[in-house]
Amino acid sequence: MWKLFLALTLWAYIPPTKMILQRTVENSGSGVYAIDQEVQFSNGTDTVSWREIWLVENERNLRLTVVPPKDQADKIKIQYVYAGGQRWSLASGKKKESQKISEDFVERWFHYRHVDAFQNALLQNQIIPELPKATTVSKKSKSTDEPKYEPENFVRLGRSQNVVTYSFGTPTPAPDEKMNPGLWIEQDLFLIRKIRWANQAEITADDHAPYAKGLQFPKTRVLKWGPNTVTMKVLNVVSRSGKVNNFFQPQSLDYVTTFEGIQSSPLKPMIEEFYTRFR
């Protein structure tokens, strides 16, 4: 009975929010990573897939190059550089264009390196109503000398993908109502397992694996919005060294972005929305 009580007590313990977020950003590793992944688009009937090559320094500096099927190599060219809060690309005539990075940009959520930036993202995306306060300590428990922490009301224990998580956000009152935004971080391992935005788009992350310099990254992620599903599967992750800073500059873009190869595809609206909203 005592063992059961102890297990339940430990299970119910919620660390200070800033500690949870700090441990989570520590899993984002350090330095620059090249991430090769397969991206599959599906509407339940049709499927299109190709590769994405990401070069990532942190949530602010990233570079994306799409590698389409060989028979579409000249008709699908997608390349973006993310820097200074802007997404850069090349338009006709190799003219550099920029636009503010979308609020729905998915990749940055898995690459925050600093807790302040991470918690600000939770606030801006309406997942938490206020920034976490400095850790407050209440009276010591009568049965132990350990201080007792009072968790914020926007974090609780929950479940996602059959694991116990620290769940951030306001629970949705009823299952038939619009779902509230939230973030689910796996208990003890501090891995992002699910994110839901206020616009109802949702991504789940599974099968995390360790890589160089402390990176823990999910091998499979599934993004859903409306009737659309995009599955991202990691093929390879490599830590990059040497002079790579130039790759995060707009002048490093190689070719004009074009979606010509998908003009006749029934998935055209979905793919274009994905690269407009989530990329």
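Author: We may begin with one residue of this predicted model. Y275 has a relative accessibility of 1% and therefore counts as buried.

Reader: What makes 1% relative accessibility count as buried for Y275?

Author: Buried means under 20% relative accessible area. At 1%, Y275 falls within that class, and so does F274 at 0%.

Reader: Why is the pair of F274 and Y275 called edge-to-face?

Author: The ring centres lie 4.9 Å apart and the planes stand at 90°. Centres within 6.5 Å make a pair, and planes over 60 degrees apart count as edge-to-face, so the name applies. F274 and Y275 also belong to one aromatic cluster with F41, W50, W225, F259 and F278.

Reader: How do you know that the charged end of K194 sits over the ring of W184?

Author: The charged end of K194 is 4.2 Å from the ring centre of W184, and the distance limit is 6 Å. The term also requires a position within 35 degrees of the ring normal. The charged end of R87 likewise sits over the ring of Y80, 3.9 Å from its centre.

Reader: Why are the buried residues of helix α2 said to lie on the same side?

Author: The residues concerned are T17, I20, L21, T24 and V25. They cover an arc of only 125° around the axis, which puts them on the same side of α2. In an α-helix there are 3.6 residues a turn, so residues three or four places apart point the same way. The buried residues of α2 pack against α3, β9, β10, β11 and β12.

Note on methods: Residues are numbered from 1 along each chain as its sequence is written. This is a predicted model: local features need pLDDT of at least 70, side-chain atom pairs count only at pLDDT 80 or more; totals for chains, interfaces and linings use all residues. Side-chain values use heavy atoms; hydrogens and water are left out. Buried means under 20% relative accessible area, exposed over 50%, partly exposed in between (1.4 Å probe, protein chains only). Helices (H or I, at least four residues) and strands (E, at least two) are DSSP runs, numbered from the N terminus. The arc is that of the directions from the helix axis to the C-beta atoms. Contact means heavy atoms within 4.5 Å. Rings of Phe, Tyr and Trp (its six-membered ring) pair if their centres lie within 6.5 Å; planes under 30 degrees apart count as stacked, over 60 as edge-to-face and the rest as tilted.
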